[in-house]
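Welcome! Please take a look at the sequence and the model below, and then let us walk through them together.

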Amino acid sequence: MYVVIAGGGKVGSNIARTLIDSQREVTIVEQRRDRFEQLEAEFGHSAMLGDATEIAVLERAGIARPPDLVLAVTGDDEDNLVISQIAKEGYGVPKAIARVNDPRNQQTFDLLGITQTVCATSGLLALVEHEVPEHGLVRLLELRREGLEVVEVQVHADSPAAGQRVAGLALPEGSRLVSVMRNGVAEIAVGETVIRPGDQVVAILKPGAEDKLRRALVG
Amino acid sequence: MKAVIIGCGRVGSAVAKQLAGEGWDVTCVDEDENALTRLGAWKGGFVVGHGMDKDILEEAGAVDANAAVVATDGDNSNIVIGQILQRRYSIECVVVRILDPARAEFYEKLGLRTVCPTQTAISTLTEAVRACETGIVRQVTG
């Protein structure tokens, strides 16, 4: 397996270390000279100095082989977009994963067809919301390729779902309950499962059905 | 006809003034509010902000623009903003300045209208030297 990593900051260098330790062939490209020298000291010939948005630099990194995977993890979203586009559309790299630094740029990655993205800020925000369940509906996981998302809601005493069997709930189309957690113990939700006040209910649904689901479960 | 100009530097501001003089309804976008001074006595629109920002593009009138010129000082920003204007707002005439000839060629193939001043300079300079050479050869042989 051959991996090209664009961006040798904390994210890129840690991924490079892990991959090299597990015997994968890696090239990590970094444009800041001081940072590159640190990478070279640790990774030797696997480190390369250059701007990974330049086609000649990517070619020196072996983009034409092509690599099995390109990771565009610089601190600049425009750069990550361009690197991913050149890799996928110019060189037929089967998989390019891009880092989204500013979550507001997520829609631009989607628009330009860079569907495999990772955004640390969005991930952290989701975790923060998870810690504040009274916030309503918490997005736990987005399955972008499947077009589905996994969400969690906390049921209260006055919620319409409290005291109801799962089978008796009027859930919106394109949604299904996955599990019910009570006193720290989770159970798979089946038709006979009864939902109690205080339960944390996990559901899977198609984007767009969030409001209807929230109304059906917690009002 | 409406045009949005992203990046109001030497190039963007000159294009904006030219188009406005020809009767276009022009709005410029630049991160630096001082860029407005490059436009002189300006009657068109001017929005301070980044061209990657959806709200800024819409404030500048991207939704119903007929043409867009993208000429900020960053090639990759121009590439991305140009594609946003083309794909999200379906602006038919989007022209993007890209200084790196390799990236300009690549994105031209992907369907972006690119202008590469570096390539123009390379061609013009090479041609100029060739023309001198012809002159020199003529002097020597003539």
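## A guided tour of the two chains

In chain B, B:Ile5 stands opposite B:Cys28 in β2(B). This is a predicted model, so please read every value here as computed from it.

What is the order of the strands in the open sheet of chain B? The order is β3-β2-β1-β4-β5-β6, 6 strands with parallel pairing. At the edges are β3 (45–48) and β6 (113–115) of chain B, each of which pairs on one side only. On average, neighbouring strands of this sheet are turned by 20° against each other, with direction ignored. Packed on the sheet is α3(B), which touches β1, β4 (67–70) and β5 (93–97) of chain B. The direction of α3(B) makes about 175° with that of β5(B).

Now to the place where the two chains meet. The contact takes 15 residues from chain A and 15 residues from chain B. On the side of chain B that touches chain A, the elements giving two or more residues are α3 (75–87) and α4 (101–109) of chain B. The largest share of that side, 7 residues, comes from α3(B). By kind, the residues on this side of chain B divide into 7 nonpolar, 4 polar and 4 charged.

Chain A has 7 helices and 11 strands. Its C-alpha trace spans about 65 × 30 × 30 Å along the principal axes. The radius of gyration of chain A is 22 Å, whereas a compact globule of 219 residues would have one near 17 Å. Of the 219 residues of chain A, 32% count as buried. Among contacts in chain A with a separation of 6 or more, 54% are between residues 24 or more positions apart.

What lies in the interior? In soluble globular proteins, nonpolar side chains tend to be buried together. Here the largest nonpolar core has 68 residues, and those touching the most other members are A:Ile5, A:Ala6, A:Val70, B:Val4, B:Ile5 and B:Ala68. Leaving aside residues up to four places away in sequence, A:Ala6 touches several residues, among them A:Val29, A:Ala52, A:Val70 and A:Ile83. A second, separate core of 15 residues includes A:Val151, A:Leu177, A:Ile195 and A:Leu217.

Chain A also has a hairpin, formed by β7(A) and β8(A) with 4 residues between them. The strands, β7 (residues 138–143) and β8 (residues 148–154) of chain A, run antiparallel and are joined by 5 bridges. A:Val138 has A:Glu152 in β8(A) as its bridge partner. In the turn, A:Gly147 has a positive phi of about 70°.

Most residues other than glycine have a negative phi, and most peptide bonds are trans.

| Residue | Phi | Loop in chain A |
|---|---|---|
| A:Asn183 | about 50° | between β9 (175–182) and β10 (185–188) |

Are these residues buried or exposed? A:Gln23 counts as exposed because it has 7 C-beta neighbours inside 10 Å, and A:Asn183 is exposed, with 7 other C-beta atoms within 10 Å.

Finally, a cis peptide bond joins A:Arg65 and A:Pro66, with omega about -15°. A:Pro66 lies in the loop between α3 (55–60) and β4 (69–72) of chain A.

Methods: Residues are numbered from 1 along each chain as its sequence is written. Chains are lettered from A and ligands numbered from 1 in the order in which they are written. This is a predicted model: local features need pLDDT of at least 70, side-chain atom pairs count only at pLDDT 80 or more; totals for chains, interfaces and linings use all residues. Two strands pair if DSSP finds at least two bridges between them. A residue is buried if 20 or more other C-beta atoms lie within 10 Å of its own, exposed if 12 or fewer, and partly exposed in between; C-beta atoms are placed from the backbone. Two residues are in contact if their C-beta atoms, placed from the backbone, lie within 7 Å. Ala, Val, Leu, Ile, Met, Phe, Trp, Tyr, Cys and Pro count as nonpolar, Asp, Glu, Lys and Arg as charged, and the others, Gly among them, as polar. The radius of gyration is taken over C-alpha atoms; the globule rule is 2.2 Å times the number of residues to the power 0.38. A nonpolar core is a set of buried Ala, Val, Leu, Ile, Met, Phe, Trp, Tyr and Cys residues joined through C-beta atoms within 7 Å. Axes are lines fitted to C-alpha atoms, for helices over the stretch in contact, and angles run from 0 to 180 degrees between N-to-C directions.
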